[in-house]
Structures are given as structure tokens and as C-alpha cells.
Amino acid sequence: MTYHSKPLIIGVSGASGLIYAVRALKYLLAADYEVELVASKSSYIVWQAEQDTRMPAEPNQQEQFWREQAGVPLAGKLRCHPWSNVGANIASGSFRTLGMIVIPCSMSTAAKLAGGLSSDLLERAADVQIKEGRKLVIVPRETPFSLIHLRNLTTLAEAGVRIVPAIPAWYHNPKTVEDLVDFVVARVLDQLDIDCIPIQRWEGNK
């Protein structure tokens, strides 16, 4: 199997909306991308609350779990990391990547990234992307935003982070929840010049 030249990191924080991470992973693996995934400690709680499902902590079992959720049993390459393993390959700037997506991104995670704090592997990997000048895209899923949230997001934008809120569009005539989610995920991947989701794009008035 031939994979793309460098892996993409997906960070899954403890915000609501884990379906965004699942759909992103589905399309990336189906397109034979290599994905390094790290889920934060709080995301385990969210899985239990949103899906009444326990996410396993052991990396190999977690890989199988994510593949089952995404519905992609074989394609692509997936490697899962424990949130506490700050010595993992993705914690180093010498490990070359296509960039990183934090999807969904909690306001706690955004605040720590804006303050340069790295208390777990997800935050360290994201901090590495910023310091190395690589692409980092975050998908905040919160409403309403407080002034503190907005200031943290502004700080990240000023540092070059791309911010794609989980806000869908309707001009593509969505029929399902997945259609709405896929639009957001496609716009996220657009920031990394990745086009692997079959969505209807705006073509202007005819």
C-alpha cells in the first residue's frame, strides 16, 4: 500500500461533537492517508456521554475502535497514542508531518495552546506545529463564545493557526446530519490542501 508522503496528526479533545473526528478519519483513511491520532483524557468522558461507548485506552485496541467508528477497517494507516505519552514521535519537531487538526477543539484546549501550555500529548503536538511553522487547524465547538474564548482564538490566529468553527452551510442541500458534518470536515481539510470528500461546492450564480 502506498501512503501519502508524510502523516497527518489528528487531535481529539473533550469538546462535544466527536462525530467530526470520526468523519475526518473516515475520509482520510479511505484516501490512504497516514494518521497519527491522540485523544485527550476528557474525550473518553465525552464518548461515554454522547455515544454510551467506552473508548479503550490501549493503543492497538483504540486503533480498532476508531476504525470501527469510521467504518474503514483496512485502508490508510492509523497509529493511536496515549494522551499521557509526551515522549511519542509527534511530540518532537524533528518528526515531519503534513500538519495537525484538533477536531473538535474544546475551549480549554484552545486556551492552553494560546498560553503555550502543554499538559498532555495533544497539546504538546499542537504546540510543536506552531513552533515549527506547520499547519495547525482547530475546530472549536462551543456557543456562545465568551470574550475570553475570542481573545484566545485571536491569539492563535495571530500565531498562524487556522480556525474553522463547526458551522455548516446549507447551499449544498444537506439531507442528513452526516451531510452537515462532512461540509465542515471538508472545509477543515481544505486548509491543508486535502480534497478527499465528495461535497457540492459553491459554483456561483448561473
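Colleague: Which helix gives the largest share of the lining of the largest pocket?

Modeller: Helix 4 does, with three residues. This is a predicted model, in which local features need pLDDT of at least 70 and side-chain atom pairs count only at pLDDT 80 or more, while totals for chains, interfaces and linings use all residues. Residues are numbered from 1 along each chain as its sequence is written, and side-chain values use heavy atoms, with hydrogens and water left out.

Colleague: What makes a residue part of the lining of the largest pocket, and which residues are they?

Modeller: A pocket is an open set of points on a 1 Å grid over the protein atoms alone, where a 1.4 Å probe fits and protein lies on both sides within 12 Å along at least five of seven lines; a lining residue has an atom within 4 Å of a point. Here the lining consists of Gly 14, Ser 40, Lys 41, Ser 42, Trp 83, Ser 106, Ser 108, Thr 109, Lys 112, Ser 119, Asp 120 and Glu 123. Helix 2 (41-51) and helix 4 are the elements that give two or more residues to it. The volume is about 150 Å³, taken as the space filled by probe spheres set on the points.

Colleague: How many of these lining residues are nonpolar, polar or charged?

Modeller: The lining has one nonpolar, seven polar and four charged residues. Asp, Glu, Lys and Arg count as charged, Ala, Val, Leu, Ile, Met, Phe, Trp, Tyr, Cys and Pro as nonpolar, and the others, Gly among them, as polar.

Colleague: Back to helix 4: why is helix 4 called oblique to helix 5?

Modeller: Helix 4 and helix 5 (residues 121-131) pack at an angle of about 45°, with their axes 10 Å apart. That makes helix 4 oblique to helix 5, since under 35 degrees counts as roughly parallel, over 145 as roughly antiparallel, 65 to 115 as roughly perpendicular and the rest as oblique. Their crossing is right-handed. From helix 4, Thr 109, Lys 112 and Leu 113 meet Leu 122, Glu 123, Ala 126 and Asp 127 of helix 5; this contact has three nonpolar, one polar and three charged residues.

Colleague: What makes helix 4 and helix 6 oblique, and how do they meet?

Modeller: The axes of helix 4 (residues 107-114) and helix 6 (residues 147-158) come within 9 Å and cross at roughly 50°. These two helices are therefore oblique to each other as well. The crossing of helix 4 and helix 6 is left-handed. Met 107, Ala 110, Ala 111, Leu 113 and Ala 114 in helix 4 meet His 149, Asn 152, Leu 153, Thr 155 and Leu 156 in helix 6.

Colleague: Why does the pair of helix 1 and helix 3 get another word?

Modeller: Helix 1 (residues 19-30) and helix 3 (residues 59-70) have axes that come within 8 Å and cross at roughly 90°. That value makes helix 1 roughly perpendicular to helix 3. Ala 21, Val 22, Leu 25, Lys 26 and Leu 29 in helix 1 meet Trp 66, Arg 67, Gln 69 and Ala 70 in helix 3, with six nonpolar, one polar and two charged residues in the contact.

Colleague: Where are the cis peptide bonds?

Modeller: One joins Ile 103 and Pro 104, with omega about -10°, and Pro 104 sits in strand 4 (residues 99-105). Another joins Thr 143 and Pro 144, where omega is also about -10°; Pro 144 belongs to the loop between strand 5 (136-140) and helix 6.

Colleague: What makes the backbone of Asp 32 and Asp 52 worth a look?

Modeller: Most residues other than glycine have a negative phi. Asp 32, not a glycine, has a positive phi of about 65°, and lies in the loop between helix 1 and strand 2 (34-39). Asp 52 has a positive phi near 50° and is found in the loop between helix 2 and helix 3.

Terms used: Axes fitted to C-alpha atoms, helices over the stretch in contact; angles between N-to-C directions. Helix = DSSP H or I, 4+ residues; strand = E, 2+ residues; numbered from the N terminus. Left-handed = near helix turned anticlockwise from the far one by under 90°. Contact = heavy atoms within 4.5 Å.
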